[in-house]
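Here is a short walk through a few local features of this one. Have a look at the model, then read on.

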Amino acid sequence: MPRFNSRRSRAANSSDEGFSRESTPLSTAPNDRKRMRPSTGPENATFDNEARVKSCKGLNANYGEHGDVPMTGTKRKHQPGAIVRVTLINFVTYTSAEFLPGPNLNMVIGPNGTGKSTLVCAICLGLGWGPGLLGRAKDPSEFVKHGHKEATIEIELQRHERGPNRTTENPVITRKIRKDDNKSTFFVNGRPASNKMVLEMVKQNFNIQIDNLCQFLPQDRVVEFAQQNPVQMLETTLEAAADPEVREYHHELKNIREKQLELLHDNKGDRENLDNLEKRQEAQQATVERVKERQATQKKVDHLQKCRPIAKYMEAKAKVSVLKKQKEDLDRETRHLKQESAPALRKVNDKQKYAKAATENLKTHKDEVKRAENECKRIEREIKSYDEQMKDCISRSDAERRGATKDKAELQKHQTDLQRLKVRKEEAPKPFDSRAMNEQVAIHTSRDRELKERGDVLQTEVRDWVDQGKEKKAQAARLNEMIESLNTQAGQQEFKLENISKETHRAWQWIKENNQQFKKEVFGPPAVTCTVKDPSMATRVEAALQISDFKIITVQCNEDFVMLQEELTKKQRLHDISIRTCTTDNLSSFRTPLSDDQLHELGLEHWVIDCLEGPSVVLAMLCQERNLHQTAISNSAVSDAQHEAIARSSLKSYIAGNHSVRMTRRAEYGDAGVSSSIRDIQKARFWTDQPVDTGRKREWHDQIKNINRDLFELKENIQKNQAQVTKIKKERQWEESQAEEIRNDKETKQKALTEWRGLDTKLSSAEEKIAYCRTRMDSFRDRCLEILKQKDDAMFQKAEAVLKYCEAAHTLRELSAKLLEAEIMAIEAQSDSETLQAINASIRDTLQRKEAELKDAEAGFKEARAAAGKYLEQVNIVKAEAEGFASRGDDSLQELLIELAQIKDKPIEEEIDARLESAHAQLELHAGGTEGVNTIRDYEERAKKIDRLRLNLTAFNQEQADLHGAISEVRQVFEKELDDIVSKIDAAFAESFERIGCAGQVAVYKASSVDPADCTEELGGTENGLDFANWAIHISVKFRENEPLSLLDSHRQSGGERAVSTIFYLMALQSLSKSPFRVVDEINQGMDPRNERMVHGRMVDVAADNEKLVEEGKSSGSQYFLITPKLLSGLKYQRGMTVLCIVSGENMPSATDTKRRDEDGNEHTVKGRKIDFAAFASRAKELGMGRSSAAAGRRVDSGVAMKSVPVGA
């Protein structure tokens, strides 16, 4: 990248001859590289392509030729809080750099990308603020230079020499940013500190406000500052130029006003509610009185209804008295009747007792007969059990006789078996050698195993050769298919896809074989599924895509995407694949930025998407990925005029001829912010009609021939092995038969020997069985005698039971005779009792009737008394209720009870009915209205609300008066301070515009409230100015003679005029600002040359004025940083300015010493070359550049300090 130097004019009376200061290397970036470009010097020396960073101390504004003797006056000092030094290590583009800004105006110049804005970022981050204020990166770690783990920012501020914040040394703030964990550590003069401590120090001790756009305006926030509305402009102005107390006054006014508005809003509803309630209360007055009268009548009706239990009680009480007298009379008559009929009834009772005793005697005899019957049945069952025992003994005796016969037969059998076993025992088997036979079997088995292993090896070889044959046949088939596919376009495209990516080709083959597994159709890569309509356009169409775009596989739903990704990447482990999801096939939704007619006017023919054929889903995916519907193409190149027209249009990229052009636009710079990137395009590779490579075909045919030759050899080998396998099988069969024959012979002889050895056991068993049979035969008589004895015992016990049964039957006959006598006596007694009862039936009926009447009378009496008690409880409830009403001041119910108690001439119930009829008649007179209890309740609740609202209104009026007083008190102070600040800003702003032949004005817009409550004469009417939240700064400008002053906004002024107004406003703040420095980054971008010259001239004048004020002791001055990538030629420069030049590129000389070897191998040191812009200025003067500038009306002022910061790429 070429190096840019600032062109400066100087004063005619200044002399820079022979002035040169030694440069000091400050930075080296050995591994940073931008572009490789050869660089040759006068001696054909080639510098390393490594980036170098160094700084050259330049001329100071007040020093002589060598910088050690003052020329005039004293050395200009920095204001407290101004930046004295900035050192950067591994920060963004800098490996190591140091900046030494001047105390007044610092112009930082250099081409784009050299690191000017990096200085702005370093100031912001180094003083403790976050990257959010820069509008660039999100995390501080992103500012660490690529390839390094840590960045360091060191900023030295000018100290306070007097006052409470006085220090003995300049504060040096160091911030180290770690890339790995995005953490920062702070140090102040080498001592650790927290971010909060650093922020508090720079804010409170030096009033540095990086977050205020009036003080710190980075490049990426220029648009944000320009877009500030007037209200925001007032806020930033107060932060930059006003004391903290003034800002507090503003916030306090807004808070008080906000509270006042809340009260007004709340009270407005209360006032309206109060008026409404009072009107409703007055309108319902007559209705409420009518309702109350009706309620009184209804209350009387309710009381009369409550008194009905009194009438019921009096009636029930009289009835109880009558029933009581009737019950007493019946009781007396019943007792008299019982006394007269007592003798006759006594006889009946005696007969009844006798009949009862006869009945009980009969029951006793029945029980005795039943017990006797049960005893007979028990003895009968016992006789039957003895019969069963006798039968069992007979059965057992028969079984013993049969067993004896069987035992005799078994004894003879066992004796025969014993004789046969003894004969076999005497015949011993022939001896044999089992070990020798086992060895013979082992020999045959070993031979068989060896033959089997040989056969297995041969079989394995055969299987391997068969598999190889199958694989080679499949390979030959694939080669034949590939040769045949090259005759079709689809095959040719798949062949090209395989050349692009074998893994993508493999994935596409799997998709075609398993297409049924997907929910929706899956489309192959564009290299296979798409074609170009016009082959002549193929080169331009492919230029709009990247090689990865030709490999994209397109799915139509997320489920297919997940399944395909799982299969290809995790199971098949394919990595060179690309999968995209496209859910639309509607190409009409992708709108072109220009119509076809507009496109043709620009010299372009088609949109890329219109030149392609293929599935709609694939084309839509390409539009999403590469915006093919927004990229235009043409076979022929466009003219310069057409290119300029395209730059002014909304088209972002196009391909014409052999070039691809992409537009980049920066909105904040307008038309001047359009840049284009041009690259050459390559010839089409994929969508072409080129013939297939015949060499590849020939290679595939040769491979098929080799495969066939290999198959023939494999077939011969297989046949040889199979013949050997057949021979081995026959040998194995003979060996197995010999081994089996020996094993069978051995088993037969072994079995015979085992059986002969087991004859002893069988002999013992036969002898034991013979002994057992003889023992059973010997005990046969004893068992028979025992069974006969048991049979005799059972017969004797049966005889005894028969005798007992005879006795029980005799007892049963006697008891049955007694039962018959008892039955006869019971019948006679019952007959006598019934005869007497018939004789005395009339007497008993009369007595029973009287007793029933007495019982009914007693029941009626109890019922009447219970009813009277219930009514009495109701009466007591009414009395208690009357007493409750009386305690609350309502005696109406109690008075009614007294009146009813005094009535004697007629029934109380008739009196109650008469009074109820009169009351109902009164209620009917008021039956027309619908009002009721709710009306009275609403009326009373409304009255309470009215009282509360009146109290609230009184409190509100008092609070409003207090708030008005507070606003007046604070506003009086704030408004005076604000007017003073704005008047000073207005004077400086107007002066700046006046010097460039224009007009400008700054005023405070004091917004007023339109609420009628605020527009009273006492508060100032419609111009009350109470809307403090919308107070604003109105900037009015005029750039032409025949136009009035107009507010500065984005509609009336151009971008350059707004930029001029912005910089003049910032300069106007300089005299009032409490901030020690101010930063503006690329504010002149977008200005035309005229505006840029005006702004530059005014800034230089302000710098000179500040310098004079400092020399006169009237001002401490303010540091200013203006960052710009370019300056016009012939600008004016004066004392008090410092120019920092930043250059970069691979041609920059190394700032460090390097060691090299000559042809003889000797090592020597090559000094690092350094750039001295001060020496450049002197050399320019020697060449006459200064004189030509002076002749043109420009001059170089020796008071301009010049410094350089070369920056590596």
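Thr 236 is buried, with a relative accessible area of 9% (buried means under 20% relative accessible area, exposed over 50%, partly exposed in between, with a 1.4 Å probe and protein chains only). Thr 236 sits in helix 4, residues 230-241, and its side chain reaches the backbone oxygen of Met 233 at 3.0 Å.

A word on the source: this is a predicted model, where local features need pLDDT of at least 70, side-chain atom pairs count only at pLDDT 80 or more, and totals for chains, interfaces and linings use all residues. Residues are numbered from 1 along each chain as its sequence is written, and side-chain values use heavy atoms, with hydrogens and water left out.

Next up is helix 14, residues 558-571. Its buried residues are Asp 560, Leu 564, Glu 567 and Leu 568.

After helix 14 comes Arg 573, with a positive phi near 55°.

Finally, 3 strands make an open antiparallel sheet in the order 20-21-22. Strands 20 (999-1005) and 22 (1046-1047) are at the edges, each with a single partner strand, so one side of each lacks a neighbour in the sheet.

Conventions:
Helices (H or I, at least four residues) and strands (E, at least two) are DSSP runs, numbered from the N terminus. A polar contact is a pair of N or O atoms within 3.5 Å; within protein, one must be able to donate a hydrogen and the other to accept it, and residues adjacent in sequence count only if both atoms are side-chain atoms. The expected span of a helix is 1.5 Å times one less than its number of residues. Two strands pair if DSSP finds at least two bridges between them.
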